[in-house]
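Please look over the structure shown here before reading on.

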Amino acid sequence: MEQYDILIIGGGAAGISAAKAAKGAQVLLVDRKNALGGVLLQCTHQGFGKNKSGIEYAADLIKDFPQEVSLTLNTTVLSISKDRTALLSGKEFGLREIRFSQLILATGCREIPMGALPIAGTRPKGVYTAGQMQAMMNLHGHTPEGPVVILGSGDLGLIMAKQLAQAGLAVTLVEKKDHCGGMIKNQRCLKEFPIRLICGDTITEVHGYPQISGCTTAKGITIPCSTLLIAAGLVPERELIFGMEKYDWLHICGNCNTVHPMVEAVINEGKLSGVAACNNLRGSL
Amino acid sequence: MKRFDAVVIGGGILGCFVARNLRRWNISTLLVEKEGDVCTGITRANSAIVYAGYDNKPGSSKAEMTVRGNANMDSLCEELEVPFSRCGSLLVTYDVSSVPKLERKLENGRQNGVAGMRMLTGEEAEAMEPMLKKGIAAAVYAPSTGTVNPWQLGIAAYENAVQNGAQVSLNTSVNGIRREDSGYILLTSGESIACKVVINCAGLYADQLQQLLFPPSTRLKLDGAEYLVLDPLARKPEHIIFHQADSCGKGITAIPCVEGNLLISGVRKDLTVPFATTAEGLEELYADTHRLLPELDTSMVIRSFGAVRPNPYRESGESIPDFCVENPAPGFYSLIGIKTPGLTCSNELGLALGEKAAAFLQAEKNICFNPHRKAIEKKKEDPDYCQILCQCERITKGEIMEAIRRGATTVDGVKRRVGSGMGRCQGSRCTWEIEKLLEENGHGAI
Ligand SMILES: Cc1cc2nc3c(=O)[nH]c(=O)nc-3n(C[C@H](O)[C@H](O)[C@H](O)COP(=O)(O)OP(=O)(O)OC[C@H]3O[C@@H](n4cnc5c(N)ncnc54)[C@H](O)[C@@H]3O)c2cc1C
Ligand SMILES: Cc1cc2nc3c(=O)[nH]c(=O)nc-3n(C[C@H](O)[C@H](O)[C@H](O)COP(=O)(O)OP(=O)(O)OC[C@H]3O[C@@H](n4cnc5c(N)ncnc54)[C@H](O)[C@@H]3O)c2cc1C
């Protein structure tokens with residue numbers, strides 16, 4: 001069985017940063033996508049580092065990606081076991097089991113889908129998560145049908161509201177809290193575009209079948225729409241290490257640790273994990 | 001005009017099993033379905049339980065078929081390569097005053113020939129299912145109760161029917177039926193079809209379909225039910241839990257499904273929009289769930305959905321408690337209002353209809369009939385079967401391609417065949433890629 005000092009799962013900002021910090025060790029980084037960068041690759045908006053887009057920011061990050069790190073893309077880690085082996089699955093190498101000393105989990109986060117929310121009604125087409133729509137627009141050139149309702153006015157909801165308004169679509173944001181949820185810089189779009197913001201309310205029902213035709217809020221407002229985006233929160237993607245959180249060979253960084261609004265914090269955590277994994281390696285020698 | 005010995009109207013689980021079992025005989029068979037795929041109706045939204053058979057009145061055909069359907073489920077699922085879990089069930093109550101009701105069920109079960117049932121004390125039940133709220137008065141344990149994925153079973157029967165020579169006409173709705181000397185003419189949204197035997201398996205519309213030719217003797221009144229689905233990682237009961245309505249709640253059911261998800265179903269309610277959930281219904285379901293399973297982590301709910309139940313009534317308004325297969329004229333059979341436990345009895349009903357049709361047509365046995373159907377497998381040597389597209393459920397490109405080859409034309413059709421998009425992200429990360437594969441294979445976005 002192949003053996004590595006450090007296995008890094010996830011090649012987003014956190015995983016890349018961890019790989020750079022893990023100097024001198026034998027490192028394997030695995031990502032299920034066909035490129036390094038993670039969620040950065042679907043962000044065309046300026047907002048990373050010094051006014052870069054996510055794509056540009058990722059390109060900068062990858063520039064000095066250490067050559068000595070083994071990189072396996074298009075490969076999903078299926079499972080981790082307590083005896084420190086990992087099962088990988090990808091079209092190039094098939095099923096592959098490897099052994100590792102230290103594990104850096106940098107798997108990012110996923111979005112809460114509509115199904116997880118107590119929203120009544122039919123289950124029509126035209127409902128997406130905000131990040132899913134971001135990927136569809138920015139990676140695949142898709143434009144949804146308007147009008148669009150977005151549930152949740154956090155950063156992701158605002159970023160999508162802005163992009164859709166820029167594309168000329170009518171956008172309504174519905175926010176449970178009594179004020180807009182995202183960072184101030186992301187709230188600017190509310191002034192720049194005719195985006196309707198409904199605060200202190202939430203969507204309780206969707207209408208239409210097979211295609212969505214509208215939704216109704218807790219306060220009884222019915223908003224016609226052809227597209228509903230769910231931007232109701234992100235959950236760290238940690239199922240791989242379910243029940244293994246306490247092991248000292250495990251280091252968790254980036255959005256799979258806690259969801260970070262800023263990439264700098266993610267980079268920093270990745271670095272700390274890379275260093276900690278190396279320190280553990282030395283300690284165990 | 002095409003001619004068949006028998007036409008099955010409706011490709012739900014019942015129509016699929018009827019078609020499969022017609023092919024045990026030399027009966028040329030056509031299955032007609034108005035949607036673009038099979039198993040999209042009631043079969044898509046129900047409780048997935050393989051009942052033991054203690055709920056039904058001794059002597060009824062429901063009781064007899066349920067016990068038989070349950071006993072035969074292992075071999076049926078082996079033949080069709082569908083996962084089946086005989087997890088057993090507990091029927092619990094918190095009120096001492098409800099214990100006689102449980103005793104009656106036990107007695108029913110004894111008379112119906114349900115094996116292994118016994119009454120448990122509250123403590124015994126609590127020890128078996130520590131997640132249940134404490135204070136159980138008594139429970140009926142039925143080890144033979146199980147669970148199977150209803151649409152997987154239905155699709156397996158469909159594939160097996162086709163493999164044995166049944167023909168299929170999808171996207172075809174039957175809009176009129178005429179009698180002719182040698183049988184019936186079906187007027188459809190496509191070509192007309194001639195046949196000697198009609199088997200009406202139109203689910204929610206079975207009464208209306210029969211009415212196209214015969215005066216109705218059974219009417220369907222529809223009501224609804226609501227469901228929650230939990231992430232497989234959530235801690236859950238090991239048995240199916242039926243909560244007998246009592247002071248602790250109206251009675252929900254919790255089903256640990258073969259896929260590992262816990263399914264929770266609520267009490268019946270008036271139907272609003274078909275297959276839709278209601279805000280009040282969901283609220284009640286969450287509240288009842290918290291009461292019965294206080295430790296269940298409902299933040300791990302990944303989906304909710306609504307179901308529609310067809311309840312059969314006589315013209316007089318009296319409800320019909322048993323399965324009834326109507327036979328208003330020679331060669332015309334209607335399955336009207338086959339609700340719970342229709343899934344448990346699906347192959348039994350199919351066998352029964354096959355025999356009726358064979359007797360009517362004086363058909364011979366089909367000696368070439370092959371009851372075995374191969375499931376979509378994970379071929380580890382094939383690179384496509386190592387490329388994960390659905391990250392949550394670990395479904396590969398190879399499996400998805402095979403689902404498309406077997407007739408899936410939509411993301412939903414793929415989902416029903418291989419389980420992609422059923423997981424905790426609910427398809428938000430794989431839908432695009434699956435749509436692309438469908439497009440590449442000639443099933444463009446509509
Ligand atoms: C939509 C969005 C907009 C943002 N906008 C800004 C902004 O404007 N400014 C800013 O500073 N920050 C922003 N952020 C925050 C920050 O940029 C991100 O949080 C950061 O890029 C996340 O990095 P990560 O490495 O933790 O996760 P990700 O980038 O999500 O990387 C995780 C990687 O792990 C891989 N993976 C997961 N599971 C497996 C597995 N089992 N096997 C193999 N590979 C796996 C995934 O394919 C992915 O590539 C934004 C975040 C989001 C989600
Ligand atoms: C809420 C609920 C829970 C249940 N739980 C269980 C359980 O746990 N265990 C159990 O054993 N049973 C259960 N059942 C019963 C079981 O699910 C049903 O008996 C079974 O699924 C019925 O299948 P069907 O083929 O009759 O209906 P359907 O799946 O609805 O199929 C009917 C088909 O006919 C087609 N059709 C209709 N009209 C026409 C037309 N004019 N032309 C062409 N095609 C047409 C429809 O499109 C549809 O595909 C439950 C039922 C319900 C409602």
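A residue is called buried if its relative accessible area is under 20%, exposed if over 50% and partly exposed in between, using a 1.4 Å probe and protein chains only. In that sense, A:Phe48 and A:Tyr57 are both buried.

This is a predicted model, in which local features need pLDDT of at least 70 and side-chain atom pairs count only at pLDDT 80 or more, while totals for chains, interfaces and linings use all residues. Residues are numbered from 1 along each chain as its sequence is written, chains are lettered from A and ligands numbered from 1 in the order in which they are written, and side-chain values use heavy atoms, with hydrogens and water left out.

**Aromatic pairs**

- Rings of Phe, Tyr and Trp (its six-membered ring) pair if their centres lie within 6.5 Å, and the planes count as stacked when under 30 degrees apart, edge-to-face when over 60 and tilted for the rest.
- Over all chains, a search of the whole structure finds seven aromatic pairs.
- The pair of A:Phe48 and A:Tyr57 is tilted, because the ring centres are 6.2 Å apart and the planes stand at 40 degrees.
- A:Tyr247 and A:Trp249 form a stacked pair, with 5.2 Å centre to centre and 15 degrees between the planes.
- A:Tyr247 is partly exposed at a relative accessible area of 25%, whereas A:Trp249 is buried at 4%.
- A:Phe100, A:Tyr247 and A:Trp249 are linked by ring pairs into a cluster.

**Charges over rings**

- A charge sits over a ring if NZ of Lys or CZ of Arg is within 6 Å of the ring centre and within 35 degrees of the ring normal.
- B:Arg44 lies over the face of B:Phe275, 4.8 Å from the ring centre, and the charged end of B:Lys365 sits over the ring of B:Trp25 at 4.5 Å from its centre.

**Helix 7 of chain B**

- Helices (H or I, at least four residues) and strands (E, at least two) are DSSP runs, numbered from the N terminus.
- The buried residues of helix 7 of chain B include B:Leu282, B:Leu285 and B:Thr289.
- On the other side of helix 7 of chain B, B:Glu280 and B:Glu283 are exposed.

**Interface between chains A and B**

- With contact meaning heavy atoms within 4.5 Å, 29 residues of chain A are in contact with 31 residues of chain B.
- Buried area is the accessible area (1.4 Å probe) that two parts lose on being put together, summed over both; between chain A and chain B this is about 2,600 Å², of which carbon and sulfur atoms give 57%.
- In chain A, the residues that lose the most area to chain B are A:Arg32, A:Lys91 and A:Arg123, together 20% of what that side buries.
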